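Here is a short walk through one model, strand by strand and then out to the loops. Keep the viewer open while you read.

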Amino acid sequence: MGCRVAYHSRAPKPSCSCPYAFFPTARALALASDVLVLSCALTEETRRVVGREVLEALGQGGVLVNVGRGGLVDEPELVRCLREGVIGGAGLDVFEDEPDVPAELLAMDNVVLSPHRAVLTPESMRGLLDVVAGNLDAFFAGRPLLSPVSL
């Protein structure tokens, strides 16, 4: 996609398996990013990992994308920062108090909201059913399976 990828974690990943730049804090990563994507688990360590300090580091042209968990972001602070122009925009499919979405976010032009569907879409379920049915047909007809599993 022509973009530089970097990450923040508890510790750097071994260079042999992760060629991306490591940043020791979420703030440092945001400072070096145009788009900050959150896709981590929600733990006590990650709860509200993105607050005003991180959003200010992301800056006026920055975009926050949260596809992880709503609790990763201090949502009231995100609303304030979007309203004040501290960051440029946000793309969210998770919210702190799901399924409730703050009314302020619904009214903003610099926010894209989507339901957190993960893999549970009609298309993915249809594909899953097609594979299961195809495997059953193949098994009972004595043909190779569509998606064999090696144990």
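## The middle of the sheet

Asn66 stands opposite Leu92 in E5. This is a predicted model, where local features need pLDDT of at least 70 and side-chain atom pairs count only at pLDDT 80 or more, while totals for chains, interfaces and linings use all residues. Residues are numbered from 1 along each chain as its sequence is written, and side-chain values use heavy atoms, with hydrogens and water left out.

Strand E4 covers residues 63-66 and runs parallel to E5, with four bridges joining them. (Strands here are DSSP runs of E, at least two residues, and helices are runs of H or I, at least four, all numbered from the N terminus; two strands pair if DSSP finds at least two bridges between them.) Val65 faces Gly91 across this pairing. To get from E4 to E5 the chain goes through helix H3 (residues 75-84), a right-handed β-α-β crossover. Right-handed means that, with the strands pointing away from the viewer, the path from the first strand over the helix to the second runs clockwise.

## Either side of that pair

E3 also pairs with E4, again in the parallel sense and over four bridges. Leu38 sits opposite Asn66 there, and the chain crosses from E3 to E4 through H2, in another right-handed β-α-β crossover. Beyond E5 comes strand E6 (residues 111-113), which is parallel to E5 and joined to E5 by three bridges. In that pairing Ala90 stands opposite Val111.

## The nonpolar core

The largest nonpolar core has 27 residues, and Leu36, Val50, Leu64, Leu78, Leu82, Ile87 and Leu105 have the most contacts inside it. Helix H1 (26-31), strand E3 (35-38), helix H2 (52-58), H3 and E5 are the elements that give two or more residues to this core. A nonpolar core is a set of buried Ala, Val, Leu, Ile, Met, Phe, Trp, Tyr and Cys residues joined through side-chain atoms within 4.5 Å.

Leu64 is worth a click. Setting aside neighbours within four places in sequence, its contacts (heavy atoms within 4.5 Å) include Leu36, Val50, Leu78 and Ile87. Gly89, Ala90 and Gly91 are also among them.

## Loops to look at

Lys13 lies in the loop between strand E1 (6-8) and strand E2 (21-23). With a relative accessible area of 40%, Lys13 is partly exposed. Its side chain makes a polar contact with the side chain of Ser9 at 3.2 Å. (That is a pair of N or O atoms within 3.5 Å; within protein, one must be able to donate a hydrogen and the other to accept it, and residues adjacent in sequence count only if both atoms are side-chain atoms.)

Arg48, in the loop between E3 and H2, has a positive phi, near 55 degrees, in a residue other than glycine. Pro99 is in the loop between E5 and helix H4 (103-106), and the peptide bond from Glu98 to Pro99 is cis, with omega near 10 degrees.

Definitions and conventions:
Buried < 20%, exposed > 50% of the residue type's maximum accessible area, 1.4 Å probe, protein only.
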